[in-house]
Amino acid sequence: MNKTKTMLYPFLITWIGAVLMMAMLLLPFASANKEYQSYLLDNKDELYAEELGMSNAEAVNISLAEYAKMYIEAVKQGFHMEAGIVCIVIIIVFAILTVFTVLLSLLKKPIGILVFDILALASFWAIRFDFEDRGVVPSDFYDWGIASWLTYVIGVVVATGAIWMFFEKRKAEK
């Protein structure tokens with residue numbers, strides 16, 4: 001079997017996984033708990049974040065990208081400057097690391113994929129730690145959303161694909 005055929009499955013696993021990890025920026029990182037969700041939906045036309053034009057209905061699930069926008073606006077207005085800047089930087093670092101993971105998976109570089117995947121997971125862990133430490137999520141109003149858990153699963157899948165790719169490349173070189 002040639003190298004291209006043996007590399008197909010590990011390539012697909014790492015590339016699709018890395019793209020899905022990028023998608024975690026847009027999936028719900030935090031979801032309103034039942035009571036707060038009822039309140040938000042009962043008042044769905046009211047603004048949750050006026051500066052962003054975000055309605056209560058849109059605030060039932062909040063992604064990392066939306067949190068980044070909220071923190072950017074807070075920093076612009078001079079609120080929570082230090083925490084806002086830290087959150088913005090960590091979210092951007094996570095986004096950049098996932099982009100590099102996607103690029104390296106396209107280039108079929110398993111060591112690079114593994115390194116950037118681990119760094120992306122570490123930055124994601126830092127985001128979760130920060131949000132939990134400050135009581136942003138979980139809180140009286142929000143619990144963790146699907147992206148807060150699925151990112152770890154996808155990260156392990158990407159790492160597994162990268163390790164498989166590494167061994168397939170080695171085997172093909174012999």
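## Close-up views of a predicted model

**View 1. Lys108 is partly exposed, with a relative accessible area of 29%.** Buried here stands for under 20% relative accessible area, exposed for over 50%, and partly exposed for what lies in between, with a 1.4 Å probe and protein chains only. The model is predicted, so local features need pLDDT of at least 70 and side-chain atom pairs count only at pLDDT 80 or more, while totals for chains, interfaces and linings use all residues. Residues are numbered from 1 along each chain as its sequence is written, and side-chain values use heavy atoms, with hydrogens and water left out. Lys108 is found in the loop between α4 and α5, and its phi is positive, at about 60°, although Lys108 is not a glycine. Helices (H or I, at least four residues) and strands (E, at least two) are DSSP runs that are numbered from the N terminus.

**View 2. His80 sits in the loop between α3 and α4.** This residue, which is not a glycine, likewise has a positive phi, of about 45°. His80 counts as exposed because its relative accessibility is 60%.

**View 3. Helices α3 (residues 64-76) and α4 (residues 81-106) cross at roughly 145°, their axes coming within 9 Å.** Axes are lines fitted to C-alpha atoms, for helices over the stretch in contact, and the angles run from 0 to 180 degrees between N-to-C directions. The α3 side of the contact (heavy atoms within 4.5 Å) consists of Leu64, Tyr67, Ala68, Tyr71, Ile72 and Val75, and the α4 side of Met81, Gly84, Ile85, Cys87, Ile88, Ile91 and Phe94. Sorted by class, this contact of α3 with α4 has 12 nonpolar residues, 1 polar residue and no charged ones; Ala, Val, Leu, Ile, Met, Phe, Trp, Tyr, Cys and Pro count as nonpolar, Asp, Glu, Lys and Arg as charged, and the others, Gly among them, as polar.

**View 4. Tyr67, Phe131 and Tyr142 touch the most other members of the largest nonpolar core, which has 43 residues.** Such a core is a set of buried Ala, Val, Leu, Ile, Met, Phe, Trp, Tyr and Cys residues joined through side-chain atoms within 4.5 Å. At least two residues of this core come from each of α1 (3-23), β1 (28-32), α2 (34-42), α3, α4, α5 (110-133), β5 (142-144) and α6, and α4 gives the most, with 7 residues. Apart from neighbours within four places in sequence, Phe131 is in contact with Phe29, Tyr67, Tyr71, Cys87, Val136, Val137 and Trp144.

**View 5. Val137 and Pro138 are joined by a cis peptide bond, with omega about -10°.** Pro138 is placed in the loop between α5 and β5.

**View 6. Ser63 lies in strand β4 (residues 61-63).** Its relative accessibility is 4%, and Ser63 therefore counts as buried. Not counting residues up to four places away in sequence, Ser63 touches Leu25, Leu26, Leu27, Pro28 and Phe29.

**View 7. The end C-alpha atoms of helix α6 (residues 146-173) are 40 Å apart, in agreement with the 40 Å that its 28 residues should span at 1.5 Å a residue.** The expected span is 1.5 Å times one less than the number of residues in the helix. Among the buried residues of α6 are Ala147, Ile154, Val158, Met165, Glu168 and Lys169. Thr6, which lies in helix α1, is 159 residues from Met165 in sequence but 8.6 Å from Met165 in space, C-alpha to C-alpha. Thr6 counts as buried, since its relative accessibility is 17%.
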